[in-house]
Amino acid sequence: MARRFEVDKINLDAYEIEPFFNEKYVGFVIKWDSDIGFGEYTIYKAVDSDKWQADSEHMDNNEDKAFLNELLKQFVTSLDIVD
């Protein structure tokens, strides 16, 4: 299945990372905005599991993770490395 929008042409902005932890899950939410809309990309795992999963709101699939790659690239670029 072809991607509807090219990730590098929609002015994607990963503007907030919000970690969470509860009795069932641990993970983080990446809040994003772009020319095509806005949303949340949730990455999580059960507290008793080593398997990470993601809810992309239909922006990615197992064969094409370009949207997540761009979100994470922006996150890494924004980090301040402390020695």
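The model is predicted, and the values below are computed from it. The chain has 1 helix and 4 strands, which follow one another from the N terminus in the order β-β-β-β-α. Of its 83 residues, 28% are buried, and its largest nonpolar core brings together 12 residues.

**Overall form and surface**

- Taken along the principal axes, the box filled by the C-alpha atoms of the chain is roughly 40 × 35 × 20 Å.
- The chain exposes about 6400 Å², and carbon and sulfur atoms supply 50% of that area.
- When contacts between residues at least 6 apart in sequence are considered, 31% of them join residues at least 24 apart.

**The largest nonpolar core**

- The core consists of Val 7, Ile 10, Leu 12, Ala 14, Ile 30, Trp 32, Tyr 41, Ile 43, Met 59, Phe 67, Leu 68 and Leu 71.
- Two or more residues of this core come from each of β2 (25-34), β3 and α1 (66-78), and the largest share, 3 residues, is that of α1.
- Phe 67, one of the core residues, touches Arg 3, Val 7, Ile 10, Leu 12, Trp 32, Tyr 41, Met 59 and Asp 60, when residues up to four places away in sequence are not counted.

**The second largest pocket**

- The second largest pocket has a volume of about 260 Å³, and β3 (37-46) and β4 (53-55) are the elements that give two or more residues to its lining.
- Its lining is made up of Tyr 41, Ile 43, Lys 51, Trp 52, Gln 53, Ala 54, Ser 56, Asp 60, Asn 61, Asn 62, Lys 65 and Leu 68, which divide into 5 nonpolar, 4 polar and 3 charged residues.
- Tyr 41, Ile 43 and Leu 68 belong to this lining and are also members of the largest nonpolar core.

- Val 29 lies in strand β2 and has a relative accessible area of 9%, so it counts as buried.
- Not counting residues up to four places away in sequence, Val 29 touches Glu 16, Ile 17, Glu 18, Phe 20, Glu 40, Tyr 41 and Thr 42.
- Val 29 and Tyr 44 are 15 residues apart in sequence, while their C-alpha atoms are 8.5 Å apart in space.
- Thr 42, which lies in strand β3, is buried because its relative accessible area is 17%, a value under the 20% limit for that class.
- With neighbours within four places in sequence left aside, Thr 42 is in contact with Phe 20, Phe 28, Val 29, Gln 53, Ala 54 and Asp 55.
- Ser 34 also has its place in strand β2, and at 13% relative accessibility this residue counts as buried.
- The contacts of Ser 34, not counting residues up to four places away in sequence, are with Ile 10, Asn 11 and Leu 12.
- Ser 34 and Glu 63 are 29 residues apart along the chain, and their C-alpha atoms are separated by 22 Å.

**Residues in helix α1**

- Glu 70, whose place is in helix α1, is buried, with a relative accessible area of 17%.
- Not counting residues up to four places away in sequence, Glu 70 touches Val 7 and Leu 12, both of which are listed in the largest nonpolar core.
- Thr 77 lies in helix α1 as well, but at 64% relative accessibility this residue counts as exposed.

- Most residues other than glycine have a negative phi.
- Glu 57, in the loop between β4 and α1, has a positive phi of about 55° although it is not a glycine, and with a relative accessible area of 40% this residue is partly exposed.
- His 58 lies in the loop between β4 and α1, has a positive phi near 70°, and is exposed, with a relative accessible area of 81%.

Key:
Residues numbered from 1 in each chain as written. Predicted model: local features only at pLDDT ≥ 70, side-chain atom pairs only at ≥ 80, totals over all residues. Heavy atoms only, no water. 1 Å grid on protein atoms, 1.4 Å probe; cavity = no way out; pocket = protein on both sides within 12 Å on 5 of 7 lines; lining within 4 Å. Points joined across faces, edges and corners; volume = space filled by probe spheres on them. Nonpolar A, V, L, I, M, F, W, Y, C, P; charged D, E, K, R; others polar. Buried < 20%, exposed > 50% of the residue type's maximum accessible area, 1.4 Å probe, protein only. Contact = heavy atoms within 4.5 Å. Areas by Shrake-Rupley, 256 points an atom, 1.4 Å probe, with all protein chains shown as cover. Core = buried A, V, L, I, M, F, W, Y, C linked by side-chain atoms within 4.5 Å.
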